[in-house]
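Okay, everyone, thanks for coming.

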Amino acid sequence: MLSCRSFSWQRVGAMIVRLWYGTLRSFDRLTDSFYWVTIDLILWGVTAGYVQQQLPGSELNVYALFVCGVIMWSVVYRGQIDIGMGLLEELWNKNLVNIFASPLTVPEWITSLLIFGFLKNCVAVAFGSLVAWLLYDFFLFPTLGWYLIPLFFILLMNGWWIGFLVQSVILRATTRAQAFAWTFVWLLAPLSAIYFPLATLPPSIQLVAKAMPTSYVFEEMRSIMRGSPPNWNSLGFAAFLTVMYVAISVWLMRRAFAKVLNAGLVKVY
Amino acid sequence: MNRSIVVRNLTKTFGEFTAVNNVSLSLGSGEILGLLGPNGAGKTTTFQMLLGILTPTSGSIEYFGKQLSTHRSEILERVNFSSTYTNLPWNLKVSDTLAFISRLYRTQNRAKRLAEIIETFRLTPLLSKRVISLSAGELTRLNLAKAFINDPEIVLLDEPTASLDPESAHMIREYILLRRKELGMSVLFTSHNMSEVETMCDRVVFIHRGGVVADDTPVNLARTLDRCNVSLIVPPEHNRSFSECCAIFDSEISVQDGYSTLSVRESVVSDLLAEFGKREVPLHGITITRATLEDYFLSQAQASEVAHA
């Protein structure tokens, strides 16, 4: 197993430079950061406008519900795709050997993916907020206030554990399982109760959804939008679950990596 | 001589198959060591274990007196490699690639070193090109530039000149020899170009079916054959006498482009020539060549196949 001793921030920086160039030189990666959030905002925003018209006099702010949901779910999606793609890009480029036959360690690589993913996510959320303001005169930050920060971080970390889980599957099953990187997160979307209260789900599904930290975050997001303060116990539990899931997924990924090293890193294409 | 790499009893098995079997070898400081063997011999597997991208089943790998398994980053910062089984990120520009790799190895005086390496490997016109658009030769030059970017004390080169034109290959060989002379760099080298190995390597380790079958200088390995090749043109009317002579000395004959080439024991060459004279066989265009590393390679591969069968 690659050692986590002699951690170097310079090597983390080097990998961030690699990821930055990879994004800059790839039309796919650039559009990926901005395209989907824009499309989702248009689609759901127009839908929200129509639904709002059908509910005259309703206190429910459908715009806020959908637009906040789109932007905040994109944090989870972006968080996981940046981790999953971080591995897939190296596999597609046959560059995994180059980086792991260098002094780079797995913890340094993970750190670079997390930092770069965080920065990209901040840009994507800012961009999404700008689009929401331009299209619907909707302001994300005033709506959620400073609560946005804990919500953002819990959702981002949920993207991370999903990303590491995806990585461990790809490391074991190689690029045959690459579709997992785009699809798995959507399996968790209904369980996250992004656009509807958790109570809307059938009782048996609610039990499963309660194991998803994202469901608590979106519940509290709706509570904040209604003007109530969030339930910190609930958010704390979500944060606890998230940290646990991140730890388990990183452990799974490192186990998969050790198994790959046993078979030969060259063979993971 | 200080030892840069010491490999002890290295073994790698994949299920029932043993790819590398109890290999021990060492690389001295400033030494160029050739790792030879036919395809599937275990060279690449050994190479991968030396780079830390494949975990050995048993045995140990030491660089600079430290275990690779416990001092990986510290060691690999002083080592680099070029290999045919890796690519560089295809969507990056050449300049991007060099920038990120030089940071990854925490290269000292980065800007100066990058300028040197770009000039040495003639990469200036390629800097704004994407890696995917490079020709095989250009890509090999970029891979080699990557391999030398951190001024490594040890460089592992897997067929470094395979895709290069003769002039570029010569330039690379000269560069390696210069780095060895000036900085005492050690090189572990694989190549299927035997004349290149003979020119470059101080010592050769021959691997076959996962095990080391020989470890010596190229000259000594070739000498173990005790064979040499005698090429000559024999007029057709003397073919019978010629064949009789050859039979006496147990020589193998091959004919190409009008030349007959006899493979005989080195100790009987003078007797063979005397016999030709005695039988009045006229000899034209005669050349005598000692066994080369290539002959050794072929004989080892054949001997091992026979033993295995």
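Let's start with a single side chain: B:Ile286, which sits in strand E14 of chain B, residues 284–290. Keep in mind throughout that this is a predicted model.

Take B:Val230: along the chain, B:Val230 and B:Ile286 are 56 residues apart, yet their C-alpha atoms are separated by 7.0 Å.

Now zoom out to chain B. Among its contacts between residues at least 6 apart in sequence, 73% join residues at least 24 apart. The chain has 309 residues, and 40% of them are buried. By secondary structure, we're looking at 11 helices and 14 strands. Along the principal axes, the C-alpha atoms fill a box of roughly 75 × 45 × 35 Å.

On to the sheet. There's an open sheet of six strands in chain B, and if you read across, the order is E6-E7-E8-E3-E9-E10, with mixed pairing. At the edges you have E6, residues 79–82, and E10, residues 211–216, both of chain B, each pairing on one side only. Ignoring direction, neighbouring strands are turned by 15 degrees against each other on average.

Look at one pair in there. E3 of chain B, residues 32–36, runs parallel to E9 of chain B, residues 203–208, and four bridges join them.

Last stop, the interface. How many residues of chain A are in contact with chain B? The count is 30 residues of chain A, against 28 residues of chain B. On the chain A side, helices H1 (9–24), H4 (96–100) and H11 (232–263) each supply at least two residues. H1(A) gives the largest share, with eight residues. And the make-up of that chain A side? By class it has 12 nonpolar, 14 polar and four charged residues.

That's my tour; over to you.

Note on methods. Residues are numbered from 1 along each chain as its sequence is written. Chains are lettered from A and ligands numbered from 1 in the order in which they are written. This is a predicted model: local features need pLDDT of at least 70, side-chain atom pairs count only at pLDDT 80 or more; totals for chains, interfaces and linings use all residues. Two residues are in contact if their C-beta atoms, placed from the backbone, lie within 7 Å. Ala, Val, Leu, Ile, Met, Phe, Trp, Tyr, Cys and Pro count as nonpolar, Asp, Glu, Lys and Arg as charged, and the others, Gly among them, as polar. Two strands pair if DSSP finds at least two bridges between them. Axes are lines fitted to C-alpha atoms, for helices over the stretch in contact, and angles run from 0 to 180 degrees between N-to-C directions. A residue is buried if 20 or more other C-beta atoms lie within 10 Å of its own, exposed if 12 or fewer, and partly exposed in between; C-beta atoms are placed from the backbone.
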